[in-house]
Number of protein chains: 2
Amino acid sequence: MNGADRLCDTLLGNGIDVCFANPGTSEMHFVAALDRRPQMRCVLGLFEGVVTAAADGYARMADRPAATLLHTGPGLANGLANLHNARRARTPMVNVVGDHAAYHLAYDAPLTSDIDSLARPMSHWLRRCTGPDDVGPAAEAAIVAARTHPGIATLILPADSAWGEVAAADIAPVAVPAPRPVPDARIAAAAEAIRRAGPRAGLLLGNMALRAGALETAGRIAAATGAKLFSPVQISRLEAGRGRVPVTKIPYAIDLALKCLAEVDVLVLVGAPEPVAFFAYPGKPSRLLPDGAPALPMAEPGDALGDALAALADRLGARTPLQVPTPAPLEGVPEGDLTDAALSHSIAMLLPERAVVVDEGLTTARSVFELFKRAPPHDYLMLTGGAIGMGPGAAAGAALASPGRKVVALQADGSGMYTLQGLWTQAREKLDVVTIIFSNRSYAILQREMRNVGVNQFGENARRMMQLDDPALDWVALANGMGVEGAAVETAEGFHAVLDYALGREGPFLIEAVMA
Amino acid sequence: MNGADRLCDTLLGNGIDVCFANPGTSEMHFVAALDRRPQMRCVLGLFEGVVTAAADGYARMADRPAATLLHTGPGLANGLANLHNARRARTPMVNVVGDHAAYHLAYDAPLTSDIDSLARPMSHWLRRCTGPDDVGPAAEAAIVAARTHPGIATLILPADSAWGEVAAADIAPVAVPAPRPVPDARIAAAAEAIRRAGPRAGLLLGNMALRAGALETAGRIAAATGAKLFSPVQISRLEAGRGRVPVTKIPYAIDLALKCLAEVDVLVLVGAPEPVAFFAYPGKPSRLLPDGAPALPMAEPGDALGDALAALADRLGARTPLQVPTPAPLEGVPEGDLTDAALSHSIAMLLPERAVVVDEGLTTARSVFELFKRAPPHDYLMLTGGAIGMGPGAAAGAALASPGRKVVALQADGSGMYTLQGLWTQAREKLDVVTIIFSNRSYAILQREMRNVGVNQFGENARRMMQLDDPALDWVALANGMGVEGAAVETAEGFHAVLDYALGREGPFLIEAVMA
């Protein structure tokens, strides 16, 4: 067997049995090794941004890493934006990046580049195999790193490490350390701060603290102390919907974010970093908490967040569940123009039980997040690093990890164009994804930001950099071109009817919601 | 005025009046400054890979740099693969990459990343503005670097450098040094080597040595000495066609490349690096020249290549032009299956006078390069770094730089899917591009490479990573979805007729050639 065989066996022996891939010549031995192992599910993306987004969506739902297969520096580069998002989500992932044979690098062949320099910014862990015998140990270390941290492990696989012979060996699963327990002193400090601030305390919940069980615990703390529960502006995965403890999502817009946190005297961080302004603006602060209000780090993303919250609740004597309001389900069919409100209403009203929402809706249907509290229990996944173009791939990956569940992808049009190739993967894998394109035919978020810098009258250059009309995109044609059925709608009642139809059928479907 | 205004004025004052852009929030002040200067032509790409490819195609034809506008680390990352190609082509380019305000970086906001680490591998020159007053000098240095080297200059523009006030100032164009003269000793050494080796000498011509004038000079050397004229496997820009001195392109496939150079005793390098194997293969060499046959560097890409060739010709007493064969123009309409040969014949036969060919055809229609010697004079641009996905954007950029000339884009289907968004830019800018999609519905190049590593029977995993069928892409629908008209053809005569039609009309058009 060769190094590539060893790599495959190490992945499979550790429960990594999905590989999102876009291979090239330097990975042919790895492809041949994968081909000898039909138990590995290989999923092709027609662009690497789809590959890495899919691995992100997959691991968020499966709670274990997928592998990716990327081709040299440029192939990795194409996947970096969505690795950036996955890094911010602390998604476990094992990237295999093929490179030239080590001895060939000195010749600076056309595809040679400094892969290490490219990979480092978007990787929590990085290693280059030094030879065939290093592949096994390096792969094991990558898996441990991806699962422990958790985060992005990138393994560079030179072609001669892949093709070189290695001795056959049994693969024993690596020991992955359990999530780190949070020291008592940190729990005590958080408890003391919450006790002192009472309703002016906040808990910022990230990562595994946004699952239903941890939220229930956090809800008890809120009930006992009046502390407010927040989530970051961008959410890796939230178990939400009727009956689940709700959180307040910190808004993206700086003024709203400042207002949201204005009454907070101390913010306890549970698996999330201190919230900061998404961008800097002249004369506005970078920190979002009021002056003098500290952020108190209690636990990191790799810590045992559920246990830490339970310990915190115990220390606060918080035994009574939060009374979660159970508003009536949404009713009625919106009519007329296809507004944010109409879209949000229909989406939240029709959302199926146990749906997986992938939200890259950006400026459109922001109110849907609030309305989802009235929808059946579901999972909510969001763009996490601000690098647009996560949606179509992440939806594919999430669907692959969630058989029997419907994936609803809320997709801004400008962002969707970044990685529209993901629709093809949805079609090929026959994934149960309903994509809703919010077709406002603009980079609406930028138009708002231009107004934030004081420009209200757009000239030709600004207009041409922010409008996606002239020509308008025909998303149904684009979807059809990749084997995905679709329909375009221009009224609220039309949208409602088509969404209802799409959710009732199987396989990928795209709705272009042409906004008023 | 602010730093962004100064940047725009510096670009415009140095003849950079096209900016390929995909902006984000951190670039809003730059966008506002561009908006105040309608003399800057801003061209939106719906993905950064389109933006950088367009800047590459533009500069190859305009012989001067365009600017690009990219949004933070992920936006740059999306453009890196085509920066890699441009770097290999030694294309002059000034990239402006927006970043957070300097003081905001410490807060590690969601979009923060190590832009310097990402940019360095694909940039010949890199600098981060240290404040508003640094923007002018940094921009001038970037322009000098892009034009002198020539190559990729990347300027990181923090938002507070863009929005901070600067004093108004007149912009004087920077002094760009003339191409470096090649020392006499190098000319003499090359002349001596050619004299000694005679017909077993080769000249490898790159960069500006592939323009018609330089080729004419090289042709005189060939005529006088019997030396062979070669081009690299990937060509930045070649002036080719009837009456022009032809070159032998070194093949991509390792065995063919070795055979091509087997009779060469010495290879004189004129603006190109020594040719090496595109990839490493077990048991095959990295060098392509025969053992003991040296490569003799005479001139670098930034040198005065035409002058150097003229001096070399003088020293060799080479005054007589090469007798360039003038074969009859191609004739006749191919019939039947849509084979490589049929496609090549029709394309070369119908190629308009002064056309610009952008070739990312990869495995299909390789014979067209030979047949182009019988086509009217034209420019030939090729994928230069092996990072697929250059075509649609590069064709747009080349068209923008070449008004009144027809651009013919030869596009493999797998590669085309990487950056299909470039079709939208072609539609918006009403560019005169005819795209021919070679629809073989596979990564055919990888299927060949798998056979090279000894795998002839593909299992399910290999098949699913290399076949693009199931579902088949409908390229006409994809083009229509982005506002580009198109037609699909399945016969040689059908292709010939549609190509003839497409070349006779104005504006972008796409032909899906469904291969036999």
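Which residue in β18(A) is the bridge partner of Ile437(A)? I looked this up first, and the partner is Glu512(A).

**Entry: ground rules**

I noted that this is a predicted model, in which local features need pLDDT of at least 70, side-chain atom pairs count only at pLDDT 80 or more, and totals for chains, interfaces and linings use all residues. Residues are numbered from 1 along each chain as its sequence is written, chains are lettered from A and ligands numbered from 1 in the order in which they are written, and side-chain values use heavy atoms, with hydrogens and water left out.

**Entry: chain A as a whole**

I found 20 helices and 18 strands in chain A, where helices (H or I, at least four residues) and strands (E, at least two) are DSSP runs numbered from the N terminus. The C-alpha atoms fill a box of roughly 65 × 60 × 45 Å along the principal axes. For 516 residues a compact globule would have a radius of gyration near 24 Å, and the 23 Å of chain A agrees with this; the radius is taken over C-alpha atoms, and the globule rule is 2.2 Å times the number of residues to the power 0.38. Buried residues make up 66% of chain A, buried meaning under 20% relative accessible area with a 1.4 Å probe and protein chains only.

**Entry: strand β18 of chain A**

I then turned to β18(A), residues 509-514, and saw that 6 of its 6 residues are buried, so the strand is largely enclosed by the rest of the structure. In a regular strand the side chains alternate between the two faces of the sheet. Here Phe509(A), Ile511(A) and Ala513(A) point one way, while Leu510(A), Glu512(A) and Val514(A) point the other way.

I checked the pairing next, where two strands pair if DSSP finds at least two bridges between them. Strand β16(A), residues 433-439, runs parallel to β18(A) and is joined to it by 6 bridges. Strand β17(A), residues 485-489, is also parallel to β18(A), with 5 bridges, and Val489(A) stands opposite Ala513(A).

**Entry: helix α20 of chain A**

Which helix makes a β-α-β unit with β17(A) and β18(A)? I found helix α20(A), residues 492-504, and the unit is right-handed, which means that, with the strands pointing away from the viewer, the path from the first strand over the helix to the second runs clockwise.

I listed the buried residues of α20(A), among them Phe495(A), Val498(A), Leu499(A) and Leu503(A). Their cover includes α12, β15, β16, β17 and β18 of chain A.

**Entry: Pro92 of chain A**

Is Pro92(A) buried or exposed? I found that Pro92(A) is buried, with a relative accessible area of 15%, and that it lies in the loop between α4 and β4. Although Pro92(A) and Arg64(A) are 28 residues apart in sequence, their C-alpha atoms are 6.5 Å apart in space. Leaving aside neighbours within four places in sequence, the contacts of Pro92(A), counted as heavy atoms within 4.5 Å, include Arg64(A), Ala146(A) and Gly151(A).

**Entry: a look at chain B**

In chain B I found 6 of the 6 residues of β18(B) buried. Strand β16(B) pairs with β18(B) in the parallel sense over 6 bridges, and Ile436(B) has Ile511(B) as its bridge partner.

Methods. Buried means under 20% relative accessible area, exposed over 50%, partly exposed in between (1.4 Å probe, protein chains only).
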